[in-house]
Amino acid sequence: MFSDKDLEQIKNKGLTLKNVQSQIEIFKKGLPFSNLKAAATIGDGVLKMSEIEENDSISFFEKNLNGTKVVKFVPASGAATRMFKFLFKFIDSYSIEDETINAYINKNKENDLSSFLIGLEKLPFFEEVIHKVHKFNPNFNNSSYDKQRFEFIKTMLDETRLNYSNYPKGLLPFHKYKKNVSTAFEEHLFEAALYASSNGNADLHFTISEKHNHKFDQEFKFIEEDVEDKTNTKFNISFSYQKEITDTIAVTSDNKPFKDENNRLVFRPSGHGALIENLNDLDADIIFIKNIDNVVVYKYKEEVAKYKKILAGILLKIQALAFSYLKEMEDEDMLTENKVIEIAEFLSKKIQVRISPEFEKYSLKYQIAYLKEKLNRPIRVCGMVKNEGEPGGGPFWVKDESGTVSLQIVESAQIDKKNKVQKDILKNATHFNPVDLVCGVKNYKGEKFDLTKFVDPKTAFITSKTKSGKAIKALELPGLWNGAMANWNTIFVEVPLITFNPVKTVNDLLKAPHQVK
């Protein structure tokens, strides 16, 4: 199947022939859908905290923060291209000679364009675009309404002008304050100072595209002094890239390796699941994970930080108990039957682990080994918001091939929507995954877990793409908060919608959490 030239290319990527052959085997065999047993809901997989419990968690977190190494991990490699999809469509299809913009909006039912134009002056980059458009068109003020709007959008997107769609999303202007305009990258720093800092230091790690490395460096140098003065915090910023070794081979529709016009194999980045490698490289006791575009203007930051502390407090409290039990379990001869029952109840009631129905039949020695294996795992506490119809994943009880039922974050693409039972479970889901995690990645001895050992490879995705106009199939690794963490201990906690403010389209910047006034 592979020539010597192919084998050399595989080797140069840091892959082995065995890796590539196993990927091709996955294309041939296909991947199973997730087997949903039920949606995780309040009282059955999702915790709802009382005000007293929330305050208790915050207090526990703050008391135990000193001496705990905290890192905030932000996947930030995405470009802003998709944010402007409807504007590109407008630029390509609108003819100023043939119709007015209003006529175009009404004819094509372009509600997004209408909202964009109504909110134009509230956009964080409005003044920058106006300044630039005057450079290209000195007669801009004398132009018609339609010509002005068209030129404004063209100036935003044109490669020879501001070229916003090719910015990394993290460096696009997001929020307009009185004296400055801030990026999502800058907002993550301000936010981290409120919950992910200790003794005046905050560590943040961003995964970025290698081609944008210098841009992030420049931005940090530009804002560093100002942000550190305002927050009284010293920021230690580090960056990493998706590793080439995690790229996956592309195949044709009949599962043969796809070759490009130069007769070279085509490898593709394998999605955010590849970042489990980057996460695994971090040295920290607890890691906050949040997407680059999920930020708010400063007046909402305290509220957002409050719920981060609640999630972290829950993690530290559960972890302290788990570590205490694991230490006791080292001396198996001293463990009583009552203690074993206590540990099993802790697992099932506090960490929502479904204990095997056969557990009571096991010998005491095997019960201890079983509990130790279940307890000695990375832990994640995940915020979940009420489902408001957003596309994406959610919390479910899932049964794996061995018959084990556990809490998982499942994407809609992993669900067989032709199966009525599965479709009904999806339809009855009450909560949505906003990507709001706090992770405990060390064991009770203070050693790092090897996170790659807790991935479920069967939860990868096969997707259809095009390359040079030809249909290809691509393999995405199990998603970072999906199958890449499938064998972690998982706790879901309801958090309010204010904690979830992603910017999927440019119009999201017009919503209240992104507006100062």
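**View 1. Residue classes in the lining of the second largest pocket.** By class, this lining comprises 14 nonpolar, 8 polar and 7 charged residues. Nonpolar here covers Ala, Val, Leu, Ile, Met, Phe, Trp, Tyr, Cys and Pro, charged covers Asp, Glu, Lys and Arg, and polar covers the others, Gly among them. The model is predicted, with local features requiring pLDDT of at least 70 and side-chain atom pairs pLDDT 80 or more, whereas totals for chains, interfaces and linings use all residues. Residues are numbered from 1 along each chain as its sequence is written, and side-chain values use heavy atoms, without hydrogens and water.

**View 2. Centre of the second largest pocket.** The volume of this pocket is about 790 Å³. Its lining consists of 29 residues, and Ser-22, Gln-23, Ile-26, Pro-457 and Leu-477 lie nearest the centre.

**View 3. Helices at the second largest pocket.** Both α2 (17-29) and α11 (276-281) supply at least two residues each to the lining. The greatest contribution comes from α2, with 7 residues.

**View 4. Cys-382 and Cys-439.** Across the whole structure, 0 disulfides are found (pairs of cysteine sulfur atoms within 2.5 Å). Cys-382 takes part in no disulfide, and the nearest cysteine sulfur, that of Cys-439, is 7.0 Å away. Because the sulfur of Cys-439 is 7.0 Å from the closest cysteine sulfur, in Cys-382, the separation is too far for a bond.

Note on methods
1 Å grid on protein atoms, 1.4 Å probe; cavity = no way out; pocket = protein on both sides within 12 Å on 5 of 7 lines; lining within 4 Å. Points joined across faces, edges and corners; volume = space filled by probe spheres on them. Helix = DSSP H or I, 4+ residues; strand = E, 2+ residues; numbered from the N terminus.
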